[in-house]
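The entries follow in the order I made them.

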Amino acid sequence: MTFDCLIGTLGGLNDVPIQGRLLFVGVLFLGTLAVSRFSIRLGIPGVLGVLLLGLVVNVNLLDVTHVEAENLQVFALALLLFYAGLKTDLKAIRGFIEYGLLLALGGVLITSCVLGGMIWWLSSATASGLALGFGNGIPLGAAFLLAACLGSTDAGATLSVLAQVKPPVPLRLQHLLEFESAVNDPAALLVYGLLIELFSQAAGGAAGQPPDLAAAETLLTTAVLDSLRVFVQQIGSGLILGVLFGYVAKFVIDVLVTERAQLLVVAMSIAFADYGLTDLLGGSGFIAVYVTGVFMTNMTYRRPEVTHESIQEVLLPFNTMTEITVFLLFGLLVSPPDLVGAIPMGLVTAAALMLVARPLGVLAFQPLSPFSRREGVLVAWCGLRGAVPLALSYQLVAAIPQLAGVDAALALPLARNAQGIVFVVVVLNLLLQGFTLPRVCSAIAPKPPRAQPPATSQPPSPQPQ
């Protein structure tokens with residue numbers, strides 16, 4: 001009898017003794033280690049194995065509501081973005097920081113716009129199949145919001161695959177990929193938040209049924225301006241409070257920390273307090289925690305043993321646990337029957353993302369790149385998706401019914417299929433790009449010059465006597 005059947009027999013997880021629940025959790029997380037090791041040996045990211053493990057186990061009777069799952073993902077995103085900031089060493093990317101920022105910010109915007117337009121053109125009203133043509137399928141806001149969920153890349157998944165590449169990818173290029181993945185996480189969250197504000201404002205205006213075109217244009221202009229105002233306010237507050245908490249963290253570390261193990265307490269406390277206060281004040285908590293992490297990494301502390309490397313080292317196990325939990329929880333809670341309707345558009349969306357949107361988002365800035373075109377192609381193929389799209393998919397389910405143009409009768413199946421599409425795209429992206437990335441690296445890596453055979457000295461010809 002499986003654990004899922006046992007839960008069903010007992011009537012719910014609350015009827016399972018606490019010892020049984022602890023046993024299940026312990027065995028499950030040990031299973032993630034085994035699956036991760038097996039996945040890496042196959043040449044695919046370990047987090048994909050964790051995601052599929054959760055789907056196979058699929059204890060869909062866990063006493064976790066959708067709102068609770070969304071709150072857990074917010075905690076996870078705050079820690080993941082804080083760690084991404086800690087990994088942003090400005091000294092390591094000196095010489096191409098401007099291009100890295102352009103690639104991360106502009107790349108997310110181009111990728112999301114191109115992918116959103118393709119989903120709008122291709123998807124049916126409930127995202128359960130294809131319906132070619134603009135305006136007769138999925139609502140515009142839902143299409144672009146779904147694309148924004150898939151805008152960011154995963155540094156951990158990308159670098160874990162690149163570590164298996166022989167000969168290794170140049171360190172300079174690895175630094176670029178890590179920096180881009182760190183910066184495009186908050187960038188994708190900002191684009192996602194802006195779209196929610198924009199299309200939700202439009203939905204509120206649509207309810208009034210404007211009498212003429214001029215009134216409709218006025219309402220649309222007001223909605224756009226209000227959305228941009230909220231967007232700028234979130235960025236500004238996030239930047240200011242992120243910098244402030246960076247100095248607070250330095251003060252706490254210099255004054256209160258007496259041993260290395262306490263850095264974990266400081267880091268997690270600062271991350272949660274930073275996100276909470278910024279969000280309460282109307283700013284972007286995700287921007288704030290990322291900026292704080294960047295400041296903490298690039299500061300000098302009073303105690304010589306406290307460096308950005310030591311802070312990263314104490315936080316790395318918790319970050320790994322958080323990332324594993326995001327993938328595992330999503331696999332445990334998603335309902336396999338709900339994925340069936342999302343498979344057709346999931347396949348199409350994955351192909352559009354990997355073959356069109358992501359390459360355009362990278363190669364559009366190739367004229368400004370200090371890297372070769374071969375390296376640009378490699379960066380385009382390194383766009384592995386991971387924890388951030390999965391975490392955002394919970395917010396997507398709650399946001400779709402509030403968007404303009406979404407029929408109330410179709411909102412529930414559309415939201416369910418949209419979350420399923422995110423799942424299918426992440427799985428295909430990690431599987432296909434993760435499996436082929438070493439081969440792409442080998443194919444486009446510059447070939448070393450062929451060694452010339454040593455010149456053989458000719459014996460002197462005999463002189464005539």
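I looked up C149 first. The model is predicted, and in it C149 has a relative accessible area of 1%. Buried means under 20%, so C149 is buried.

I then checked C382. Its relative accessibility is 3%, and with the cut-off for buried at under 20%, C382 therefore counts as buried too.

Next I went to S112. I found S112 in helix 5, which covers residues 97–122. Is S112 buried or exposed? Its relative accessible area is 3%, so I noted S112 as buried. I also listed what S112 touches, leaving out residues up to four places away in sequence: F144, A147, A148, G151 and V191.

My last entry is on a pair of helices. Helix 12 spans residues 308–333 and helix 16 spans residues 387–399. I noted an angle of about 45° between them, and their axes are 10 Å apart. Angles under 35 degrees would count as roughly parallel, and 65 to 115 as roughly perpendicular; helix 12 and helix 16 are therefore oblique to each other. I recorded their crossing as left-handed.

Which residues make this contact? From helix 12 I wrote down E323, V326, F327, L329, F330 and L333. From helix 16 I wrote down A387, L390, S393 and Y394. Sorted by type, the residues of this contact are 8 nonpolar, 1 polar and 1 charged.

Methods
Residues are numbered from 1 along each chain as its sequence is written. This is a predicted model: local features need pLDDT of at least 70, side-chain atom pairs count only at pLDDT 80 or more; totals for chains, interfaces and linings use all residues. Side-chain values use heavy atoms; hydrogens and water are left out. Axes are lines fitted to C-alpha atoms, for helices over the stretch in contact, and angles run from 0 to 180 degrees between N-to-C directions. Helices (H or I, at least four residues) and strands (E, at least two) are DSSP runs, numbered from the N terminus. Angles under 35 degrees count as roughly parallel, over 145 as roughly antiparallel, 65 to 115 as roughly perpendicular and the rest as oblique. A crossing is left-handed if the near helix is turned anticlockwise from the far one by less than a right angle, and right-handed if clockwise. Contact means heavy atoms within 4.5 Å. Ala, Val, Leu, Ile, Met, Phe, Trp, Tyr, Cys and Pro count as nonpolar, Asp, Glu, Lys and Arg as charged, and the others, Gly among them, as polar. Buried means under 20% relative accessible area, exposed over 50%, partly exposed in between (1.4 Å probe, protein chains only).
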